[in-house]
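My notes follow the display.

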Amino acid sequence: MNAWALAALVLLAVPAPACLWVTSRGTPVHRLVGASLLSSVAGAVFLVLPQAYGRSSYQDLALVLGVLAPAGTLVFTRFVSGRPHGTRASATDT
């Protein structure tokens with residue numbers, strides 16, 4: 001095991017379970033933060049793994065994850081907001 005693989009293992013062992021714990025418990029805002037942070041950790045793992053194994057295809061996964069993660073955050077926020085489809089928030093909805 002080289003240093004790059006060890007770095008990927010540390011990223012998977014330390015912050016990933018914490019993100020999963022926050023995502024599974026807490027308020028909707030905390031779950032949103034946990035899911036967003038988990039996608040960032042997964043992207044970092046996919047950037048470290050090509051260095052460990054010499055395979056550049058994992059970098060493509062990191063790029064796709066970096067593009068799709070904000071869209072997933074927006075979809076999650078849409079479903080958590082609880083508003084029916086087609087309605088807009090007004091100044092009196094606070």
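The entries below go from the whole chain to single residues.

**Entry 1: ground rules**

I am working with a predicted model, in which local features need pLDDT of at least 70 and side-chain atom pairs count only at pLDDT 80 or more, while totals for chains, interfaces and linings use all residues. Residues are numbered from 1 along each chain as its sequence is written, and side-chain values use heavy atoms, with hydrogens and water left out.

**Entry 2: the chain**

I looked up the secondary structure of the protein chain and found four helices and zero strands. Helices (H or I, at least four residues) and strands (E, at least two) are DSSP runs, numbered from the N terminus. The order from the N terminus is α-α-α-α.

I then looked up burial: 16% of the 94 residues in the protein chain count as buried. Buried is under 20% relative accessible area, exposed is over 50%, and partly exposed is in between (1.4 Å probe, protein chains only). The accessible surface of the chain is about 6,700 Å², and carbon and sulfur atoms hold 70% of that. Such areas come from the Shrake-Rupley method with a 1.4 Å probe; for residues, only the protein chains shown count as cover.

Among contacts in the chain with a separation of 6 or more, 46% join residues 24 or more positions apart. Contact means heavy atoms within 4.5 Å.

**Entry 3: helix 3**

How far apart are the end C-alpha atoms of helix 3? I read 37 Å for residues 28-53, which agrees with the 38 Å that 26 residues should span at 1.5 Å a residue. The expected span is 1.5 Å times one less than the number of residues.

I listed the buried residues of helix 3 as Gly34, Ser39, Val41, Gly43, Val45, Val48, Leu49, Pro50 and Ala52. After the helix comes glycine 54, with a positive phi near 70°.

Serine 39 is in helix 3. A polar atom of the serine 39 side chain lies 2.7 Å from the backbone oxygen of serine 36. Beyond its neighbours within four places in sequence, serine 39 contacts Leu65 and Ala69.

**Entry 4: helix 2**

Is cysteine 19 buried or exposed? Cysteine 19 has a relative accessible area of 3%, so I noted it as buried. Cysteine 19 sits in helix 2 (residues 15-24). Not counting residues up to four places away in sequence, cysteine 19 touches Gly34, Leu37, Leu38 and Val41. Its C-alpha is 5.5 Å from that of leucine 38, at 19 residues apart in sequence.

Proline 15 also lies in helix 2. I noted proline 15 as partly exposed because its relative accessibility is 23%. With residues up to four places away left out, proline 15 touches Val10 and Val41. From proline 15 to leucine 37, 22 residues apart in sequence, the C-alpha distance is 8.8 Å.

**Entry 5: helix 4**

I placed leucine 63 in helix 4 (residues 57-81). Leucine 63 is exposed, at a relative accessible area of 58%. Leucine 63 and glycine 43 are 20 residues apart in sequence, and their C-alpha atoms are 7.8 Å apart.

**Entry 6: N-terminal patch**

Which residues make the nonpolar surface patch of about 530 Å²? They are Met1, Leu6, Leu9, Val10 and Val14. Patches are made of residues with over 30% relative accessible area and no salt bridge, with like charges joined within 9 Å and nonpolar side chains (Val, Leu, Ile, Met, Phe, Trp, Tyr) within 5 Å. A salt bridge is a side-chain nitrogen of Lys or Arg within 4 Å of a carboxyl oxygen of Asp or Glu.

Methionine 1 is in the segment before helix 1 (3-13). I noted methionine 1 as exposed because its relative accessibility is 79%.

Notes
A polar contact is a pair of N or O atoms within 3.5 Å; within protein, one must be able to donate a hydrogen and the other to accept it, and residues adjacent in sequence count only if both atoms are side-chain atoms.
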